[in-house]
Amino acid sequence: MRFCIRRQIDFSNSNGKLKNLQGIPIELAFPPDVNEFQSGRDRLVDVERQVKSCRVPVYSVHAPEGCLANKAFLDWAWKSVQFAEAVGAGIVVLHPEKEQPGAGATADCSALDNIRHLQDRTQVRIAVETFWDTSRVLPPDMIMGNQIPMVLDTSRLPKSEITWVIETYHTHIVNIHLSAVTRDQGLKGIARQHQPIDRDGFCMDLLDRLQELAWNGVITLEYMPWLHEKVLEDRKLLERIYGPQKL
């Protein structure tokens with residue numbers, strides 16, 4: 001397992017976001033709005049230069065949140081792949097969109113075709129993030145049924161589902177977005193996603209099981225933005241416990 005933190009940038013603040021992360025592995029997340037990404041795509045070469053000059057290891061690249069099921073996908077997604085290749089990242093993370101009413105299987109088939117077309121043209125792993133939401137393109141069961149590389153998000157799936165996915169599909173999971181879900185007032189309280197890992201609970205049990213399975217992927221700590229110091233602390237802790245290993 002290798003441990004990194006998620007770091008989202010936009011094209012106006014990328015240098016400031018990266019310069020204080022020298023030597024800290026990251027998942028570099030592009031602006032989620034695909035139009036913002038496209039309008040700033042000429043800046044990608046600048047971000048590549050900043051990554052290299054700041055000596056920030058990039059383990060994965062989170063593409064903008066565009067539509068996986070239409071033809072425009074191949075344009076913005078290919079730019080994300082090219083950037084990943086340029087900075088030495090082994091994974092591009094795709095964020096599946098909500099299905100339009102009536103789209104159903106057609107949208108899923110189009111998204112699968114697009115992903116396979118892209119995957120045929122790169123050694124970077126093209127992986128789809130999990131959402132517990134049946135209205136989305138490529139829900140977890142379809143990712144698994146089509147043997148697509150998976151990014152398992154522990155704040156987006158129930159614990160029982162996470163356990164089942166790991167036991168049955170760990171050979172195809174390339175990245176885990178790890179965080180805890182907490183509730184303010186017991187089980188009926190508001191669920192708060194992307195909270196720091198519970199050091200004596202589910203998150204550590206999950207990592208112990210992955211180690212037993214000799215799983216050798218990327219763990220991305222994805223906390224809320226104001227928990228920056230905590231995510232840095234926890235990444236160091238996990239690396240001490242589980243040790244950095246090469247993919």
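This report walks through a predicted model, from its barrel to its cores, salt bridges and loops.

## The barrel

Eight strands close into a barrel. Their order is S1-S2-S3-S4-S5-S6-S7-S10, and the pairing is parallel. From one strand to the next, the twist averages 30°.

Strand S1, residues 2-8, pairs with S10 in the parallel sense. Four bridges hold that pairing in the model. Within it, Phe3 stands opposite Ile219 of S10. Helix H9, residues 228-242, packs on the sheet. H9 touches S1, S10 and strand S7 (173-178). The direction of H9 makes about 165° with that of S1.

## Thr220 in strand S10

Strand S10 spans residues 218-221 and includes Thr220. Is Thr220 buried or exposed? Thr220 has a relative accessible area of 0%, so it is buried.

Its contacts beyond the local sequence are with several parts of the chain.

## Nonpolar cores

The largest nonpolar core has 72 residues. Leu28, Leu207 and Ile219 have the most contacts inside it. Helix H4, residues 73-87, gives the most to this core, with seven residues.

Which residues does Leu207 touch, not counting residues up to four places away in sequence? They are Met1, Phe3, Leu178, Ile219, Leu238 and Tyr242. Two of these names have come up already: Phe3 and Ile219 stand opposite each other across S1 and S10.

## Salt bridges

The structure holds twelve salt bridges. One of them joins the side chains of Glu222 and Arg6, at 3.6 Å from N to O. This pair links distant parts of the chain, 216 residues apart. Glu222 sits in the loop between S10 and H9, while Arg6 is in strand S1. Glu222 counts as buried because its relative accessibility is 9%, under the 20% cut-off. Arg6 is partly exposed, with a relative accessible area of 21%.

Arg156 and Asp153 also meet through their side chains, at 3.8 Å from N to O. Asp153 is buried at 1% relative accessibility. Arg156 is partly exposed at 28%.

A further bridge joins Asp234 and Lys230, at 3.6 Å from N to O. Both residues lie in helix H9, four residues apart, about one turn of the helix. In general, an α-helix has 3.6 residues a turn, so residues three or four places apart point the same way. Asp234 is buried, with a relative accessible area of 0%. Lys230 counts as partly exposed at 26%. Elsewhere, salt bridges that share partners join Arg6, Glu27 and Glu222 into one network.

Helix H7 covers residues 159-169. Its buried residues are Glu161, Ile162, Val165, Ile166 and Tyr169. Why are they on the same side of H7? They cover an arc of only 135° around the axis, so they share one side of the helix.

The cover over these buried residues includes H6, S6, S7 and H8. The face of H7 turned away from the buried side carries the exposed residues Lys159 and Ser160.

Most residues other than glycine have a negative phi. Which backbone angle stands out at Gln147? Gln147 is not a glycine, yet its phi is positive, about 55°. Gln147 is placed in the loop between helix H6 (140-145) and strand S6 (150-153). With a relative accessible area of 54%, Gln147 is exposed.

Ala214 has a positive phi of about 55° too, although it is not a glycine. Ala214 lies in the loop between helix H8 (202-212) and S10. Ala214 counts as exposed because its relative accessibility is 63%, over the 50% cut-off.

Definitions and conventions:
Residues numbered from 1 in each chain as written. Predicted model: local features only at pLDDT ≥ 70, side-chain atom pairs only at ≥ 80, totals over all residues. Heavy atoms only, no water. Helix = DSSP H or I, 4+ residues; strand = E, 2+ residues; numbered from the N terminus. Buried < 20%, exposed > 50% of the residue type's maximum accessible area, 1.4 Å probe, protein only. Core = buried A, V, L, I, M, F, W, Y, C linked by side-chain atoms within 4.5 Å. Contact = heavy atoms within 4.5 Å. Pairing = 2+ DSSP bridges. Axes fitted to C-alpha atoms, helices over the stretch in contact; angles between N-to-C directions. Salt bridge = Lys/Arg side-chain N within 4 Å of Asp/Glu carboxyl O. Arc of directions from axis to C-beta.
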